Amino acid sequence: MVSLLPRAPYLASLGKPTSRASSSSLRLPAMSSSAPAPAATAAAEPEASRPRKMPVLLFDVMDTVVRDPFYHHIPSFFQMSMKELLESKHPTSWSEFEMGLINEGQLAEKFFNDGRSFDLEGLKACMVRAYEYVDGVEDILCSLKQNNYEVHAFTNYPVWYQLIEEKLKLSKYLSWTFCSCHIGIRKPSPDFYLHAVDHLNIDPGNCIFIDDRMVNIEAALSVGMVGLHFKNAEALKNDLCSLGVELAPLVLEDETEVQ
């Protein structure tokens, strides 16, 4: 498969003040509409002989598809400010949990630097209550599905992604293919991205990666993917359309168009 670009351009915008950077938009390439489906990924299509529709889309989940409870709900749960929480929690326990290196019981034991106990089930319940789609993103995912695009989660998250699935049913629109807890690698490690393109058996230039953090976009660019810096659903729709991705109006079961 021929690469679209030796180094894919990206759209960047201002995001949250932490781990974000701004950048101007660059000229975007026309995306290839289809490519032969490799045997290893034929299961992603209804029929193995059907041409594989390009591009493949990889979505970050937290604060791109689903609101992240960490910034508001979790400090409130612990009755702390964000500053107090960051100062008291163990510096690596969550990332270890995200990579599957520790289980939730071990997370509870080392979540805080001083080893204090807390209501783990209460924390999970708090997170579940807070999980909701980022405004407008579910419509985009639905449109991508209706237009037969292949969409995968590409996320740093522990096994608690199953709680997100239970509440929001993301699997209606995407496959939970690339979760750090199963792969054992986290973004922005280039190895995570290389694992994805190897697993999907596609050229990285035929892969659009969408994330709210610029450091993760830059890692995608480093392996040749197209990167879109997420800021809101409307901007994402414009960015995808600029890349030639089809986002037709949603159609309900009674075939009434929804704008």
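The following legends describe an overall view and several close-up views of a predicted model.

**Figure 1. Overall composition of the predicted protein model.** The protein contains 11 helices and 10 strands. Of its 259 residues, 49% are buried.

**Figure 2. Helix α7 and the elements against which its buried residues pack.** Helix α7 spans residues 161-168, and its buried residues are Tyr161, Leu163, Ile164, Glu165 and Leu168. An α-helix has 3.6 residues a turn, so residues three or four places apart point the same way. The packing partners of the buried α7 residues are α5 (120-130), β6 (175-179) and α8 (180-183). Lys169 follows α7 and has a positive phi, near 55 degrees.

**Figure 3. Surroundings of Ile164.** Ile164 is one of the buried residues of α7. When neighbours within four places in sequence are set aside, Ile164 is in contact with Val61, Met62, Val66, Tyr131, Tyr157, Lys169, Leu170 and Trp176.

**Figure 4. The nonpolar cores of the model.** The largest nonpolar core comprises 52 residues, of which Ile164 and Leu170 touch the most other members. Another core, of 20 residues, lies apart from the largest one and includes Val56, Phe192, Leu200 and Val223. In soluble globular proteins, nonpolar side chains tend to be buried together.

Conventions:
Residues numbered from 1 in each chain as written. Predicted model: local features only at pLDDT ≥ 70, side-chain atom pairs only at ≥ 80, totals over all residues. Heavy atoms only, no water. Buried < 20%, exposed > 50% of the residue type's maximum accessible area, 1.4 Å probe, protein only. Helix = DSSP H or I, 4+ residues; strand = E, 2+ residues; numbered from the N terminus. Contact = heavy atoms within 4.5 Å. Core = buried A, V, L, I, M, F, W, Y, C linked by side-chain atoms within 4.5 Å.
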